[in-house]
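Welcome! Please take a moment to look over the sequence and the model below, and then we will walk through them together.

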Amino acid sequence: MRRLTTALSAAAVALMLSGPVAAASGDALIEEGRAIYHDKTRGNCISCHNINDPVANLPGNQGPMMVAMKQRFPDKRKLRAQIWDATVANPLSIMPPIGKHWILSEDEIDAVVEYIYQY
Ligand code: HEC
């Protein structure tokens, strides 16, 4: 019994230690961005932009498809800036200024950028 308890505590400690490391890793960030992108109560990106991800549900086509992001935005900071405030590039944009209007936090925008940058 004592051995089992010791093993369990060791496992719990290992989990606690691995938590923050996993959260900071690229995969976790991408998964967070994916959740935000497809969540109609958060970024709601999917209501305007289709993306070639099987989880895409009822995508809209008001905005361009999220495709060839690396080619079209070799500088990731420009992609982020576009999401932060689309009205800089197009003052008449119907895309909400996601960062400027605090629709998503800075960290959530980073996660969305990592997610779409794969497509
Ligand atoms: C109400 C519709 C709408 C929503 C919601 C929206 N966008 Fe947009 N987005 C657009 C339109 C329209 C454009 C085309 C450029 C313009 O008019 O500003 C655009 C442009 C973009 C671009 C530039 C693409 C290119 O090909 O140049 C990116 C990247 C982008 N949106 C990402 C996002 C992300 C990420 C979200 C969610 C956080 C989002 N958009 C939410 C409508 C929307």
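Let us begin with what counts as an element here: helices (H or I, at least four residues) and strands (E, at least two) are DSSP runs, numbered from the N terminus. Residues are numbered from 1 along each chain as its sequence is written. What you see is a predicted model, in which local features need pLDDT of at least 70 and side-chain atom pairs count only at pLDDT 80 or more, while totals for chains, interfaces and linings use all residues.

How many helices and strands does the protein have? There are 5 helices and 0 strands, and reading along the sequence gives the pattern α-α-α-α-α.

Where is confidence lowest, and where is it highest? Helix α1 (residues 2-24) has the lowest confidence, at a mean of 52, whereas α4 has the highest, at 98. Over residues 17-23 pLDDT stays under 50, and for this stretch the model has 2 contacts beyond four places in sequence. A contact means that the C-beta atoms of two residues, placed from the backbone, lie within 7 Å. Taking the contacts in the protein with a separation of 6 or more, 48% are between residues 24 or more positions apart.

Now let us look inside. A residue is called buried if 20 or more other C-beta atoms lie within 10 Å of its own, exposed if 12 or fewer, and partly exposed in between, with C-beta atoms placed from the backbone. Of the 119 residues in the protein, 18% are buried. In helix α5 (106-116), the buried residues are Ile 109, Ala 111, Val 112, Val 113, Glu 114, Tyr 115 and Ile 116. The cover over these buried residues of α5 includes α2, α3 and α4.

In soluble globular proteins, nonpolar side chains tend to be buried together. A nonpolar core is a set of buried Ala, Val, Leu, Ile, Met, Phe, Trp, Tyr and Cys residues joined through C-beta atoms within 7 Å. The largest such core here has 15 residues, of which Tyr 37, Ile 109, Val 112 and Ile 116 touch the most other members. The elements that give two or more residues to this core are α2 and α5, and the largest share, 6 residues, comes from α5.

Leaving aside neighbours within four places in sequence, Ile 109 is in contact with Arg 80, Ile 83, Trp 84, Ile 98, Gly 99 and Leu 104. Why is Ile 98 counted as buried? Ile 98 is buried because it has 23 C-beta neighbours inside 10 Å. The two residues, Ile 98 and Ile 109, are 11 residues apart in sequence and 8.1 Å apart in space, C-alpha to C-alpha. Not counting residues up to four places away, Ile 98 also touches others, including Gly 43, Ile 83 and Trp 84.

The loop between α4 and α5 also holds Trp 102. Trp 102 is exposed, since it has 9 C-beta neighbours inside 10 Å. The C-alpha atoms of Trp 102 and Trp 84 are separated by 9.0 Å, though the two are 18 residues apart along the chain.

Next comes the ligand. A residue is near a molecule if its C-beta atom, placed from the backbone, lies within 6 Å of it. Of the 22 residues around the ligand, which come nearest? They are Gly 43, Cys 45, Cys 48, Gly 63 and Ser 93. The elements that give two or more residues to this shell are α4 (76-84) and α5, with the largest share, 3 residues, coming from α4.

Finally, visit the loop between α2 (26-37) and α3 (69-72), where Asn 44 lies. Asn 44 is not a glycine, yet its phi is positive, near 55°. Asn 44 counts as partly exposed because it has 18 C-beta neighbours inside 10 Å. Ala 68 is also placed in the loop between α2 and α3, and has a positive phi of about 55° although it is not a glycine. With 9 other C-beta atoms within 10 Å, Ala 68 is exposed.

Notes
pLDDT is the predictor's confidence in each residue, from 0 to 100.
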